[in-house]
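Q: Hi! Could you walk me through this structure and its pockets?

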Amino acid sequence: MTQQPEIRILNSPSELFQSAADEFARLANDAVTARGRFTVALSGGSTPKSMYSLLATRSDIPWKQIYFFFGDERHVPPDHPESNYRMAYAAMLSHAPQENVFRVHTEQPDANVAAVAYEETLRSFFRLQPGEFPRFDLTLLGLGPDGHTASLFPGSAALKENQRLVVANWIEKFNQYRITFTYPVLNNSACVMFLASGQEKAHPVHQILEGSEALPARHVHPTNGRLIWMLDRDAASALSDALRTS
Ligand code: 6PG
């Protein structure tokens with residue numbers, strides 16, 4: 001059943017990243033204790049970078065039992081400045097066993113082929129039957145000022161996809177393909193954690209949590225899992241007092 005979102009508002013970006021890193025460590029250790037592994041889909045962009053750097057310095061992360069995937073990736077080579085994998089590797093993943101890191105093979109010139117290959121990676125790792133979706137222990141997500149999350153952008157074709165696990169989504173404003181998880185994968189997670197920092201996220205945060213705009217991130221809520229919104233004061237600044245003090 002769909003649970004109410006857990007909203008946590010932290011005083012500053014640094015407290016936000018520290019709190020998110022604490023939650024990550026808690027979830028990882030609980031999953032490893034319970035099931036011997038922790039599967040996580042990482043978010044890209046700039047917000048999570050500081051959190052990843054904090055995780056890299058912690059001694060309480062069961063690196064050997066964590067399996068890292070990417071909720072979305074730009075269709076650029078893995079060493080490109082825009083690559084989410086490159087960002088996450090530099091901030092954290094160099095500390096992980098590399099056999100536990102499953103990046104999108106975006107060196108493949110055809111984005112659709114890269115997306116299909118990543119679907120196969122998920123099917124194989126999670127041993128999925130046809131029609132099944134993977135269930136990540138944690139899916140980390142960011143939020144764009146336009147209300148996109150992963151690479152589910154307003155008006156893009158992937159918003160309507162409910163069969164595929166991963167698709168190549170053409171993003172007109174970037175004149176670029178992005179490879180992204182679809183809503184069924186995101187919403188099959190045991191826990192989704194949004195991380196949003198800064199004033200430019202205040203409007204979409206308000207609209208998604210208590211407004212009416214049908215922004216893409218509004219449609220992310222696990223069908224049977226936790227939804228956590230981790231915000232700093234600026235990103236929460238347009239929320240009603242009722243939500244801010246809940
Ligand atoms: C990406 C992300 C994307 C990101 C938002 C917010 O590939 O860029 O997955 O969904 O989370 O665009 O980006 P910032 O954290 O840089 O604001």
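This is a predicted model: local features need pLDDT of at least 70, side-chain atom pairs count only at pLDDT 80 or more; totals for chains, interfaces and linings use all residues.

**Pockets and ligand**

Q: Which classes do the residues lining the largest pocket fall into?
A: The lining of the largest pocket has 10 nonpolar, 10 polar and 5 charged residues. Here Ala, Val, Leu, Ile, Met, Phe, Trp, Tyr, Cys and Pro count as nonpolar, Asp, Glu, Lys and Arg as charged, and the others, Gly among them, as polar.

Q: Which residues lie nearest the centre of the largest pocket?
A: Those are Gly44, Gly45, Ser46, Leu143 and His148, out of 25 lining residues. A pocket is an open set of points on a 1 Å grid over the protein atoms alone, where a 1.4 Å probe fits, with protein on both sides within 12 Å along at least five of seven lines; lining residues have an atom within 4 Å of a point.

Q: And which element gives the most to that lining?
A: Helix H2 does, with 3 residues.

Q: OK, where does the ligand sit?
A: The ligand sits in the largest pocket, meaning that more than half of its atoms lie within 2 Å of the pocket's grid points.

Q: Which residues come nearest to the ligand?
A: Ser46, Thr47, Asp72, Arg74 and His148 come nearest, among 15 residues around the ligand; a residue counts if one of its heavy atoms lies within 4 Å. By class, that shell has 2 nonpolar, 9 polar and 4 charged residues.

Q: How far is Arg74 from a ligand oxygen?
A: A polar side-chain atom of Arg74 is 2.7 Å from an oxygen atom of the ligand. For Ala150, a polar backbone atom lies 2.7 Å from a ligand oxygen.

Q: What about the second largest pocket, which elements line it?
A: Helix H6 (202–210) and strand E9 (226–232) each supply at least two lining residues. The lining divides into 6 nonpolar, 4 polar and 1 charged.

Notes
Residues are numbered from 1 along each chain as its sequence is written. Side-chain values use heavy atoms; hydrogens and water are left out. Helices (H or I, at least four residues) and strands (E, at least two) are DSSP runs, numbered from the N terminus. A polar contact is a pair of N or O atoms within 3.5 Å; within protein, one must be able to donate a hydrogen and the other to accept it, and residues adjacent in sequence count only if both atoms are side-chain atoms.
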